Structures are given as C-alpha cells and as structure tokens.
2 protein chains.
Amino acid sequence: MNDSLKYIYKVQKELSILGGISGLLAWDQLTYMPKMGIRDRSNQNAYILRYMHEKMISDKFWVHVKCLSKPNVFEKLSIIDKNVIKRLYKDIVKARKIPSEFVEELARTSTIAYQSWEEARRKSRFGIFSKDLKKLIELKKQYCIYIDLPGSDYNSLLDDFEEGMTVKKLQKQFFFLKSRLIKLIDRIKTSKYYNQNKKIKIDIYSQKKICDIIINLMNLPKNRSRIDMSTHPFTTSVGYDDVRLTTNFERKNPLFSIYSIIHEAGHALYELGMSQKRYKYTVISDSPSLGLHESQSRFWENMIAKSKPFWKYFFPIIENHIRKKNKDIDINAWIRLINQVRPSLIRVEADEVTYNLHIILRFEIELGLIKDEIQISELPVLWNEKMENMLGIKPKNDRDGVLQDMHWSNGSFGYFPTYVIGSIYASQIFKKLLFENILSIDKIKDGDFKNIKNWLYENIYKFGRLMTSEELIKKTCGQTLNSNIYLDYLNDKYTNIYEV
Amino acid sequence: MNDSLKYIYKVQKELSILGGISGLLAWDQLTYMPKMGIRDRSNQNAYILRYMHEKMISDKFWVHVKCLSKPNVFEKLSIIDKNVIKRLYKDIVKARKIPSEFVEELARTSTIAYQSWEEARRKSRFGIFSKDLKKLIELKKQYCIYIDLPGSDYNSLLDDFEEGMTVKKLQKQFFFLKSRLIKLIDRIKTSKYYNQNKKIKIDIYSQKKICDIIINLMNLPKNRSRIDMSTHPFTTSVGYDDVRLTTNFERKNPLFSIYSIIHEAGHALYELGMSQKRYKYTVISDSPSLGLHESQSRFWENMIAKSKPFWKYFFPIIENHIRKKNKDIDINAWIRLINQVRPSLIRVEADEVTYNLHIILRFEIELGLIKDEIQISELPVLWNEKMENMLGIKPKNDRDGVLQDMHWSNGSFGYFPTYVIGSIYASQIFKKLLFENILSIDKIKDGDFKNIKNWLYENIYKFGRLMTSEELIKKTCGQTLNSNIYLDYLNDKYTNIYEV
C-alpha cells in the first residue's frame, strides 16, 4: 500500500510539474514568442501534452491506482488519499480511452489551425480556415467515439470542461434562458435611458492607472503573479506561486480593458487560492470545471465591479481619470454606462445580458456540427442568421461573425457553454453571499473585500477538485445549476438600472 | 541500419525539443517570472534536465548508436550520418558516466545556491553564500571523479564548455597573456590620454534609440528573435527560429547598454545562423564550444563596434543622441572613450584589455578550489589580494569582489576561461578577415556587414558541431588557439589609440 501511495504521489507531482511547463509554453506563445517560433512551439506543446498523457495512461500508474481502489485497501486510506484515489481512478479511466498519437495529432492540428484561423480572421475570409476546421471537427468526432459517454456525442466534449454536464441539462437551462433574456432585452429597449447611451473615452495612461488601482484593491500578490499584454486576455498558472494574467489596453473600448483585468484577476485569485499544502502536487489541486472557474471571474467582473456599492467607493478614487475626457458624467450615469445593454456583434465586448445569447448561439452551432446537422460551408451564413434571430443584428463580414473567436481553432468544442454556466454559478454565489450578509454594502463601499475573499476561500477555493462543480455549488449554495436565480439577478438589476 | 538511424534521429529531435523548453524555462526565470515562482521553476528545470539526461544515456539509444558505429555499418552511412554518429558516440560515452540523480541534484542545488548568492550579493556578505558554494564545489569534485579525464581534475569541468581544452594548454596561454597584458597596461598608463578620461552621459531614451539602430544595422530578424530586459544580459535559443536576447538600460554606464546589446546580438546571429536544414534537430546543430560562441559576440562587440571604420559610419548617425549631454565630444575623443583602458573592480564593466585579467584571476581561483588548495573561507581575502596584484586595485566589499558574478552559484566552474578563449579566437578570425580583405574599411564605413556575415556563415556558423572549436579555428584561420595573435591585436590597437 505504501509503495503504491508513494508511486502515485510521485507521478502526480511529475504531472503537476509538466502542467506548469505546459502553462509556460502557452503563456509565452500568446505574449512574447517571436512569430516564426510557432513551428518549434507546436512541437514543444505536442511533445509535453503527449508525454503527460502517456504518464497518465501508463500501465504501472493504473495498476497502483487500481490496487489502492480495492475495497480492503481503500478503507485503510486517509481521507485525503481516498479523495485522491477516487479522482485519479475516474481521470485515468477516461484518459486511457485516448491513444497518445491522437493527443499529439490534436495538439499539432490545433497549432496549425490557429494559424489559418488568424490569417482567415485578418483577411475576413472564412474559406482560409474551413479546411482546418473540418479536420478539427473530424478529430473531435473521433474523440467522442473514444470517450463514448451516454446520450449525445457532444456530452463527451462538454465533460472535458464541465464534468457531468450533458446536452439535456444544458438545453433545459438554455431554452428557458434564451426566451427570457430576449424578453428582458425587449423590455430594456423600452426604457427612456436605452437611447441615451454615451461613448466613454479614457486614454491608455488612465486605463492603466485605473487597472493598477483595482488590482491593488483586489490584492493580487505581486510576488506570485504578473500581468502582461496579449491580443485576448487570459489567465494561466505556471506554478502554485506563479500565476500569469494578461490584458489589453489597445482597444478603443476602455471598459473592455478595465473589466478584462477584473475578470482575469478573479480567475487568478482562484488559482492562487488553490495552492494550499494539503492538496499540492495532487490531482485535487485544480478547479473542478471551467464553469466554476468562470464563476470566479464573472463574480468579480459583474457582481462586484459593476455594482453600485463598489462604485460608491471607487468612483471618487478614479473620478479624475474618467472626467479627463468625459466632463459631465456623474456616478449614476457612469453605472448605467458600465451596465449598458445593447445587442452587438462581438462576444468579448458584449454586455452582461446579451452575452449569454452569443454563447447559446455557439452552443447550438457546435451541437449541429458534431451531430452532422450543419455543414462547415454553411457556417458563415448560418451564424449571421442566428445573430439576426437572437440579437436582431447581422455581421457585415466573417471577421465580426463566425471568425471572431479563437476557440474552434484550438479544438475547444464544448468550451463556450462554460461561460454561461459560470455566470449562473456566479449569480448563485452572489445570492448566497447576500443571504449570509457577507456581501454587506458597508464593506464594499469601504473598498474592503476581505470578507468576500475569505468566504470564497472557505467555500470554493479550498475544495479544489474534491467534488464536481455541481456537487460543490449544491453544498455551498443549496442548489445545482439554476438559471432561474441568474434570471432573477439580471431582472432585478436591469429593471432597476433602466427603470422598466 | 535504417531502423537504428530512424530511432537515433527521433531521439535527437526529442532532445532538441526538450532543449528549447529548457531554454524557455531559463529565459523566463531571468526575465519575467514572479519572485515566488522559483520553487516550481527549480522543480521544472531539474525535471527537464534529468529527463534529457535519461534520454541521452538510455540503453536503447546507446545500443543503436553502437550498432551504427560498427565499421561495416558505419562505412555505408552518408557523410552527415557519419558525423552525427561520431558526435553522438562521444557525447553518450560522456553522459553515461553521470547518474541521473546527480544531474537532478546539481540542478536543484544550483537553483537554491543562486538564491543565496543573490541575497549574499545584495547584503554584500559572502558568509550567506559560502555554505551552498561549498556544497556545489563538492558536487563538482564528484563530477570530475565521474568524468575522469586525464590530467588535472579541472579538465573534466573545462571540457563541458570547451571540448578538448586542458589546464596545461590554458596555463601556457594565460601565463604568457597575463605578464604581457600587465606590461601593456603599464605602457598605456604612461599615455598623455590616460588621465583625460571623461564620463559619458546618455539618457535611457537615447540609449534605446542607439541600440535599435545598431540592431537594425546588424540585421537581426525581428520575427525570429526578441529583446527583453534582465539584470545580466544573455542570449538563449528557445527554437531554431526563436532566439532571445536580453539587455539592460538601467545602469549609469551607457556604454554598458550599447556594448551589451552588440555582444548579445553577436551570439544571436550565430544561433540564428545554425538553423540550416541539414543538421536541424541533430546533435550537430549547436556550437562546438562556449569559447567559439563567445568569439562571435566579442568579434562584433570589440573588433567591429569599437573600431574606427565603424564609427566613421555610425558616429554621424547617432551624433545627436551623444551630443545631447556631451556637447564637445568629437569622433576621436569618442573612440578613445569607448576604448578607454582602466583597471576596475567589476568584470562585466571592464575594458577589452583589463577584462582578461579578471578572467585569469577567476581561473586561478577555480583551479585552486578544485585542487583543494584554496579553502572557501579564504575566498574574499584571496580575491582582493589577487585583484591588487594583477590590477592594482582592491574591492572595498564582497559585492564588488568575490560575489559579483552569478556563475559559481550556477555551478558553472570551468566556464570563465571561455571568455578569454573567445577573445583570442575572435582576434584570429579578425586577422583572417583582414587578410582576406573581407573586413574592408570601405564596406564597414558604409555600414555594410553583408560580406562579414556571409563569411561568418560560410566559415563558422554552418559547421555547427561538426568539428571541435580548435579544429574549426585551425581549418578557418590556420592555427589553433593562439594568444600571440590576440596580443598583437591588442598592442596594435591600443598603442595606436593611446599613442604609446
């Protein structure tokens, strides 16, 4: 038993070390790598991912985990070991369904597809990307055959990002959400404020200053994290004490810069909060799903940093930066502005309400692609039609339509839904915090997030992957994924802001 | 035969991929890594280095290489394959002398020692570093026992950086060099210009502008390289098309910034020049030694960018940046200034002449440490005594004395001599270029380096590791390592500049 335990902890530590290396390769690729470095990087990525996969599915590792899973052995294990073994068993069973060559091929194809997607997007011509996209979808279908979860094929893709999530569950939530969101948007459109929207201007220097102040407020430790620039903001861990966020100040939309950094800082706080000793270098030391991870970023971005109490504290602090180019703005106008609802073409620039429709659109398309109900060649037209149906606007070109996101070029099918799942979870956490009086307006308007951060640590961060997200949210907030709570939150907030 | 070839090329490619990853880990550690990331980075470094070592010494790899080395098989190989096999055979024999655990222990100890060195240097207290240094020296002695080259133990350390170099050869060159350099310095001190030295001031902005212009002039491809900041400038390859240089503009000494970037660009041109297809992903695709690598940086730094023809072209271009804070300087004064000889405490800031004495001092100390003729505790005092004997000046504290360089904390014993070897090789290459009329003053004063770069490619870069450095220099310049040529170069140059 002890030899087996020793061995499985050794392998887990190796996987953790390799995971950090893989994180660095990805971070560097998106921040500093010279353009021509891509070929070598593709080899490096594919090599490390395949090697990790081979470690995971090695017979020796499997034998030890199986041995520790035998009832008479298992019952003698410590609670931590029991959890580690249960988790590993499930992960290995899944990983062993996938041949190593397939992992490598997928990694390599993604790197190439990312390049053709970039070119296609730059030139706004879907045709440049379609061949690689087709290949990726074929690989993903093959992946579904390997994993072979019950129900829809797409379940096998979903499960990678959101363990236990199914098409059936999602469709139920999304169907409801979609119709209710469209109604909410229609109602907002009747508001007297709807057409009073202003464009806000904040110069890059002030954007940076504002972001610095917010990051200090959120208390992101400087010696354990860093912020760089990339086209699309993201967060990744290179080590337990080395979390990398990126942002982008170049856009014309200053709110994008400010809310991106808050969003990523939410992810980073979660990553940094998981480094506790008990689970370090084990399979438990991770988030249970992308949806839960996303709940942490959305919570800070939308529930905290777009709220009135937050700006009661924060507006006076950054007022001079805002007023430089927007002289006559007051706090109420500012709050309406940052919470402005308006159908738009680009997902990453969408407001909190319409954002969800962007995701539901992608979910429906992905499902169709995997089910072979949609042909690749139809995609640009279909995309535009769906945009018109759901949001009432239509992209003028592929760049602002089907080519806007990098996810598919990455092979990340089944990923998009986690953005909405994250928002739903965030609203459930928000409700719980209000109920427990943790989210007291007094504290937030004093710029004090200590209680919130402690609560998040005690109720989310510290559990790592001990449970699935659904189990964790149920335990913490009393219910599983519930879009009703999210809709209540949105309705409350926006009928109040728009006075409708 | 074909299976063996296929296998050994596969392993070489893997080693090359892993080498790039290891390069990225090192680059990131010295540029962007958050401070607390060091523990994870230490694990990551040690893991990759050990894994590479295990690949290198694996029985299967060795069996295939041995099989291809058998005379009846070997003679049927292509010329490239023959070279690859010869090279691999030698490398594997050496690597198989070192246990994997030792590689990992050395990597781990170095990372920790680097930290204690940093602290010791910051606080200028050698005692903080001495324990880790002792451990490293013990490991290095053990390493010499493993490698066990004939002659001095130190030969086994030298050989890692400068294949085939021995204490005997070096002592012969250095003995001669040391006495002649001290004489040259004494002669320079008699010059009427010796005490006319000026301090030059160039603001950071102008330093950056000047560096940009020089880098453009050297034609470093932007899509295959990048420049960042680090405490100590260095160059490393992350891939064949991904070479990273660093520099530092923070110092009070603007010449340091300018000449650092030229130095590193010399290394980078060599690295980028080795990416030719024939040897890609093989053991040949590397420089034969650090000394030869250093010859490429020293050549650009000292022979080109400190020469009169270079400044005839370049001075008018950057004159406005120089004159901003140094109004009355002309080209002759400028050339004397950048070639100013003056004993100083810090190696990396030393001039071309006294620099060599800094290295000879370190070589003598390292030799004594490995031979057990010097005790660790004596080091600070011994260092200062040697400085006084060779350069006539004495450090006031450990920071400016024994603690100034990071090399020992890295475990890099036997590394320092390659700096002087590089300068000697550079002078031999310089002589050859003058002789062949490639280094025509007309071209350089037109800012045209094409001929030089072509020559370096055809006579140095393209050979990779096909020969040892000594073999390559002999083939290219007609003689092996020859400090006479270097001394002639220094005497010519400095008696001319100082009119002595």
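**Exercise 1. Work out how helix 9 and helix 17 of chain B are arranged relative to each other.**

Step 1. Helix 9 covers residues 167–189 of chain B and helix 17 covers residues 417–435. Helices here are DSSP runs (H or I, at least four residues) and strands are runs of E (at least two), numbered from the N terminus.

Step 2. Their axes lie 12 Å apart, at an angle of about 70 degrees. Axes are lines fitted to C-alpha atoms, for helices over the stretch in contact, and angles run from 0 to 180 degrees between N-to-C directions. Angles of 65 to 115 degrees count as roughly perpendicular, under 35 as roughly parallel, over 145 as roughly antiparallel and the rest as oblique.

Step 3. B:Leu170, B:Phe174 and B:Leu177 of helix 9 touch B:Pro417, B:Val420, B:Ile421 and B:Ile424 of helix 17, where contact means heavy atoms within 4.5 Å.

A note on the model: it is predicted, so local features need pLDDT of at least 70 and side-chain atom pairs pLDDT 80 or more, while totals for chains, interfaces and linings use all residues. Residues are numbered from 1 along each chain as its sequence is written, chains are lettered from A and ligands numbered from 1 in written order, and side-chain values use heavy atoms, without hydrogens and water.

**Exercise 2. Describe the contact of helix 7 with helix 8 in chain A.**

Step 1. The axes of helix 7 (residues 127–147) and helix 8 (residues 154–161) of chain A come within 8 Å and cross at roughly 85 degrees. That makes these two helices of chain A roughly perpendicular.

Step 2. On helix 7 of chain A, find A:Lys140, A:Tyr143, A:Cys144 and A:Ile147; they meet A:Ser156, A:Leu157 and A:Asp160 of helix 8.

**Exercise 3. Describe where chain B meets chain A.**

Step 1. In this interface, 39 residues of chain B contact 38 residues of chain A.

Step 2. The rule finds four salt bridges across it, a salt bridge being a side-chain nitrogen of Lys or Arg within 4 Å of a carboxyl oxygen of Asp or Glu. A:Arg244 forms one with B:Asp28, the closest N and O atoms being 2.7 Å apart.

Step 3. Helix 1 of chain B gives the most to its side, with 10 residues.
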